[in-house]
Amino acid sequence: MQFIRVANAFGIANKPLIWRIIMKFVPKKTAALLASLLTLGSAGSALAETQWHMPTPYGDANLPTQIAHQFAEEIKSNTAGDLDITVHSGASLIKHPEIPRAVKTGQVQLGEVFIGIMGNTHPVFKHDNIPFLATTYDSAEKLWNAAKPEVEKQLNKEGMMLLYTVAWPAQSLYTKAPVNTLADLKGSKMRAYSPSTSRLADLMNTSPTTVQVPEIPQAFSTGIIDAMITSPSTGVNGQAWDYLSHYTDVRAWIPKNVVVVNKRSFMRLDKKTQQVILAAAANAEVKGWAGVRGKAQEDTKTLAEKGIVVSEPSAELMAELNKIGATMIEEWKAEAPEVEAILSNFNQ
């Protein structure tokens, strides 16, 4: 308790750096307890108040993070402050790849993660990282509805529960020079951020290089990567015009972030609070699918206004990419029987 009083006295109880230090140097169970006690202490009172922590991988300028803040505010308002969720954006609390495990083990109560990075856990999490399977927002929403039951089953096995998803704008190609065919990319270093994007880079005859979002500007500037496939929003938020010059709008796939909650943490809440969370989650998902369409157009326009050459892909490039997409779909089918169920539902 002396540690809590000191932290509050110096006004550091709610600082993300403190959480990071705690998580790094203190055993996980002790760290979780200290985090909860610190927050309760800084609130002054209140054993009646429940404080949760929600790490997210992206900065506050991104639509998924904005929706996460709105989600937390709605819950706090509708529980009269009894459940207060602190959103730790920009991987300030926990690094992106570590968020699923942190939620699963109860290190934090809930968190947001890009679904595709869980692809090594189970193939169902790869569904929206498969190129050219679903390339419009309507088809991506249909794919999500097809995949959702299998995703929920797998999360349940891992001690987590799905709350909501937020889609990203369609993923397209960023480079330092024009790309008319895959030969223009041969031998270059392509950013990868999931098992599927690593495989895609291989099939494009490029070298997959793992780079998380906050590291993109430096990675381009220092030559760690030469190209990437990501959303116009990621390009705008990272000021891509400072380190590259071309954006080819291939619209390869439409990925999603997923917000998950530790099942035990959720079940400890009273039924009324659980219903507030589920209602806020449903509202967040609606906002996400509605907001992403406009965000994609807005951010693509910004890229062009900032000097990036925005162009449609050549017919030859699209033919080559679609062939790769077909290969990856067949490979994905062979990974697990659940994939067949997803594709069957999607193709109905």
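**From a strand pair to the cores**

In strand E9, His246 is the bridge partner of Thr175. E9 covers residues 246–248, runs antiparallel to E5 and is joined to E5 by 3 bridges. Helices (H or I, at least four residues) and strands (E, at least two) are DSSP runs, numbered from the N terminus. Two strands pair if DSSP finds at least two bridges between them. The model is predicted: local features need pLDDT of at least 70, side-chain atom pairs count only at pLDDT 80 or more, and totals for chains, interfaces and linings use all residues. Residues are numbered from 1 along each chain as its sequence is written, and side-chain values use heavy atoms, with hydrogens and water left out.

E5 spans residues 172–175 and also pairs with E8, in the antiparallel sense, over 4 bridges. Here Leu173 stands opposite Ile229 of E8. In a regular strand the side chains alternate between the two faces of the sheet.

Now step back to the whole chain. The protein has 13 helices and 11 strands. Of its 348 residues, 55% count as buried. Buried means under 20% relative accessible area, exposed over 50%, and partly exposed in between (1.4 Å probe, protein chains only). The accessible surface comes to about 15,300 Å², and carbon and sulfur atoms hold 53% of it. These areas come from the Shrake-Rupley method with a 1.4 Å probe; for residues, only the protein chains shown count as cover.

The largest nonpolar core has 87 residues, and Phe71 and Tyr164 have the most contacts inside it. Such a core is a set of buried Ala, Val, Leu, Ile, Met, Phe, Trp, Tyr and Cys residues joined through side-chain atoms within 4.5 Å. Setting aside neighbours within four places in sequence, Phe71 is in contact with Met54, Ile85, Leu110, Leu163, Tyr164, Ile277, Ala280 and Ala281. A second, separate core has 14 residues, including Tyr174, Val211, Ala240 and Leu303.

Met54 is one of the contacts of Phe71. Met54 sits in strand E1, residues 50–55. Its relative accessible area is 0%, so Met54 is buried. Among its contacts, not counting residues up to four places away in sequence, are Ala68, Phe71, Val87, Leu110, Gly111, Tyr164 and Val259. Gly111 is 57 residues from Met54 along the chain, yet their C-alpha atoms are separated by 4.7 Å.

Thr65 belongs to helix H4, residues 63–78. At 0% relative accessibility, Thr65 counts as buried. A polar atom of the Thr65 side chain lies 3.0 Å from the backbone oxygen of Gly59. This is a polar contact: a pair of N or O atoms within 3.5 Å, where, within protein, one must be able to donate a hydrogen and the other to accept it, and residues adjacent in sequence count only if both atoms are side-chain atoms. Beyond four places in sequence, Thr65 touches Thr56, Tyr58, Gly59, Asp60, Ser89 and Glu112.

Asn262 lies in strand E10, residues 256–262. Asn262 is buried because its relative accessible area is 6%. Its side chain reaches the backbone nitrogen of Arg264 at 3.0 Å.

Thr273 is part of helix H11, residues 271–305. Thr273 has 11% relative accessibility and counts as buried. Apart from neighbours within four places in sequence, Thr273 is in contact with Thr79 and Leu83.

In H7, residues 195–203, Ser196, Thr197, Leu200 and Ala201 are buried. They cover an arc of only 140° around the axis, which puts them on the same side of H7. The arc is that of the directions from the helix axis to the C-beta atoms. What do the buried residues of H7 pack against? Their partners are strands E6 (189–192), E7 (207–210) and E8 (227–230) and helix H12 (315–333). Just after H7, Asn205 takes a positive phi of about 60°.

In H13, residues 337–346, the buried residues are Val339, Ile342, Leu343 and Phe346. Seen down the axis, they fall within an arc of 95°, so they line one face of H13. They pack against helix H6 (137–157) and H12.

Notes. Contact = heavy atoms within 4.5 Å.
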